[in-house]
Amino acid sequence: MNANGNLVELDHLTKRFQVKQGVFARGKAEVHAVEDVSLTVRRGETLGIVGESGCGKSTTARLMLRLLDATAGKVRFDGRDITTLSQRQLRPLRREMQMIFQDPYSSLNPRKTVGQIVGAPFVIHGQKKGKVRVQELLETVGLSPEHYNRYPHEFSGGQRQRIGVARALALNPKLIVCDEPVSALDVSIQAQILNLLRTLQKDFDLTYVFISHDLSVIRQIADRIAVMYLGRVVELGDSESIYEHPKHPYTAALLSAVPRASTGGRERIVLSGDVPSPVAPPPACVFHPRCPRFHKGHCDVEAPELRELAPRQAAACHYPLERWPMTDEEIRQAEGAERADRPHLEGTVHEA
Amino acid sequence: MTDPGDRLLLDVRGLTVRFPTSDGVVQAVSDVSFSLSRGETLGVVGESGSGKSVSNLAIMGLLNRQRTAIAGEVLFRGRDLLTLPPDQLRHIRGKEIAMVFQDPFACLHPMYRVGAQIAEAVRAHDDVGKDRAWARAVELLDHVGIPNAKSRARDYPHQFSGGMRQRAMIAMALVHNPSILICDEPTTALDVTVQAQILELIEDVKREFDIGVILVTHDLGVVAETASSVMVMYAGRVMEYGPAREIFAQPQHPYTWGLLDSMPSVERRLAALVPIDGSPPSLLAPPAGCPFHPRCRYRFEPCPTERPDLVAPVPEAHPDACHLPWDDKLREGAKRSVDRVGEAA
């Protein structure tokens, strides 16, 4: 047990995948999946990782669990550097880190009974735990002990996700990585699972890394968040500070793009274009081609470092937002700056 | 919503869809009635299996008539689409009523150029030459915001991003200036920043061409931002139907309350999410009475046996299908928002 409060520390973590390109796949290229990511997960907290598809959030989680090997950088778990441990050395650690997957249909073996699925971790780690323990787990996650001999196809999506949660809990882990655990579920069921995860965290002192593209879900469950874009962490800090006062223009755009069920107009920044390819990410700040606060000659030349801009809130931006929501004046300025720099783009900032 | 005269485009009355299967008859859609006028966006909300997609497939005439029992009327400008012979239906489908689906990758042929696929849609209803059709395709791609439309029209679908593919699908739907655009989960497969772009495009298209839009989605946020009227469906039936402003400001049905209360909010961290207990019923044997009664915390004596009609409980309210007396609804409706927001507000 190390002295500080961090369960996981990622230190300048980078992952690049080799891909073949071109005619007959002769060209070689690299996908920059995760670039220079440093962050910590504190004991007992929920760290939310949020971003659009392809931003590297799942890859980061897999690197954290050593399901993938990093190209560069270090992963420390519970004070111990696990970046170069062999699979054999990792095995005892695997008990302490578990994962819940997005798709409750493909993450459960259809040929195994619920009892076998939830009991599998005991078998793998050579622990003799009987049916009783598995049935206890089923009850913990809100299923009935009678479900022991049933097969996954007999359950609804929400119930299957509960089976996945029971399996992750089996070995009393310290860390559970939840990779989009509620994205495949209907909204009424999603709330059941989110509430369950919250209760379990209190009861079992769990630390969560919670990955989602859904900003509302993240706000509900996370204590701190990391916003990722094209493999980089662009904003990191306390969840409430970031949601109330985003500093990075991408975070602001992401927040303003979420449709809300409440009534009333609001300011909206609509980003133009799509996320660029991670095979050839833009130079310097990766967000500059879509950024409403882009400054030519700076943002496209020098990459911004992640720096603290408010207590417990850091962002990687040369021109962070001073306040949120922005005033009309600031919006006009942002619009003006953008037109001057890139006349070919449509208006990106306006009132909705 | 009750726009009279020639603004009215679609009038659906008592639409019922049954699928006979080896396990029994699936009661996919039961007695659904609504209307759509020009300039209106009707949001159809519901969870998976609520019948929201099937109703629209039935309207489009895309269900196999041999294997499906469809009853009711779908009046498009006074003509019943359900009894129209297939050759006449073909002049309406794709021309007067166009559809945009969820997955734009599955809807575009991977081996043909995007422009060629749109040009094909042009020639399906108009007798024009290939060059004219191609020119129209380029014009439409440009119109829906594809940069360099002229050269991008020669791209294959895999060269387009998800958002661009959905734009191309909307371009294809607009080929014949339809009067109704049905969008079935048009942004579910897209990232949130791209979703905002596509929703804006649909809104622009609606205004510009003065058409009616049916937007099917499971996302109440999307509906709140785009729809002018809302129909909430559950287990194949309409639970609540009215102007969007009213549905979100003063929802009347316990199921709608349940949906709204189980939704996390991006605006604040809520004291608690209030889920709906249990899960949706099987449509092979939906519950008697109100289909929502097994999960409803307000159920009382008539709910398990008598099916509530979709009627306005008081003249100033919009129609809902619920037995709960109006006074109780007002009281419970006011109470629920306090439970949810709690001290966190």
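Predicted model: local features only at pLDDT ≥ 70, side-chain atom pairs only at ≥ 80, totals over all residues.
Student: Why is Phe160(B) called buried?

Tutor: A residue is called buried if 20 or more other C-beta atoms lie within 10 Å of its own. Phe160(B) has 20 such atoms within 10 Å, so Phe160(B) is buried.

Student: Where in chain B does Phe160(B) lie, and which residues does Phe160(B) touch?

Tutor: Phe160(B) lies in the loop between α6 (149-152) and α7 (162-173) of chain B. Leaving out residues up to four places away in sequence, Phe160(B) touches Val114(B), Asp155(B), Arg165(B) and Ala168(B). With Val114(B), the separation is 46 residues in sequence and 9.0 Å in space, C-alpha to C-alpha.

Student: What are the domains of chain B, and how do they meet?

Tutor: The assignment divides chain B into domain 1 (4-108 + 160-335) and domain 2 (109-159). The domain centres, taken over C-alpha atoms, are separated by 31 Å. In contact are 16 residues of domain 1 of chain B and 17 residues of domain 2 of chain B. On the domain 1 side, α7(B) gives the most, with seven residues. That side has eleven nonpolar, two polar and three charged residues.

Student: Why does the radius of gyration of chain B agree with a compact globule?

Tutor: For 345 residues, the globule rule gives a value near 20 Å; chain B has 21 Å, so the two agree. The C-alpha atoms of chain B fill a box of roughly 65 × 50 × 45 Å along the principal axes. Of the 345 residues, 48% count as buried. Chain B holds twelve helices and ten strands.

Student: What makes strands β2 and β5 of chain B edge strands?

Tutor: The open sheet runs in the order β2-β1-β4-β5 (chain B), with antiparallel pairing of its four strands. β2 (24-37) and β5 (79-80) each have a single partner strand, so one side of each is left without a neighbour in the sheet.

Student: How do you know that β4(B) and β5(B) count as paired?

Tutor: Pairing requires at least two bridges. Strand β4 (residues 69-76) of chain B is joined to β5(B) by two bridges, therefore the pair meets the cut-off. The bridge partner of Phe76(B) in β5(B) is Arg79(B).

Student: What is the order of the four-stranded open sheet in chain A, and which strands stand at its edges?

Tutor: The order is β2-β1-β4-β5 (chain A), and the pairing is antiparallel. β2 (27-42) and β5 (80-81) of chain A are the edge strands, each pairing on one side only. Two bridges link strand β4 (residues 72-77) of chain A to β5(A) in the antiparallel sense; in this pair, Arg76(A) stands opposite Asp81(A).

Student: Why is strand β3 of chain A called largely enclosed?

Tutor: Five of the five residues of β3 (residues 46-50) of chain A are buried, so the strand is largely enclosed by the rest of the structure. Thr46(A), Gly48(A) and Val50(A) point one way and Leu47(A) and Ile49(A) the other, and all are buried.

Student: Which strands pair with β3(A), and over how many bridges?

Tutor: β3(A) pairs in the parallel sense with strand β8 (residues 207-212) of chain A over five bridges, and with strand β9 (residues 224-229) of chain A, also parallel, over four bridges. Val209(A) in β8(A) is the bridge partner of Leu47(A), while Ala226(A) in β9(A) stands opposite Ile49(A).

Definitions and conventions:
Residues numbered from 1 in each chain as written. Chains lettered and ligands numbered in written order. Buried ≥ 20, exposed ≤ 12 C-beta atoms within 10 Å, placed from the backbone. Contact = placed C-beta atoms within 7 Å. Domains from an automatic or database assignment. Nonpolar A, V, L, I, M, F, W, Y, C, P; charged D, E, K, R; others polar. Rg over C-alpha atoms; globule rule 2.2 N^0.38 Å.
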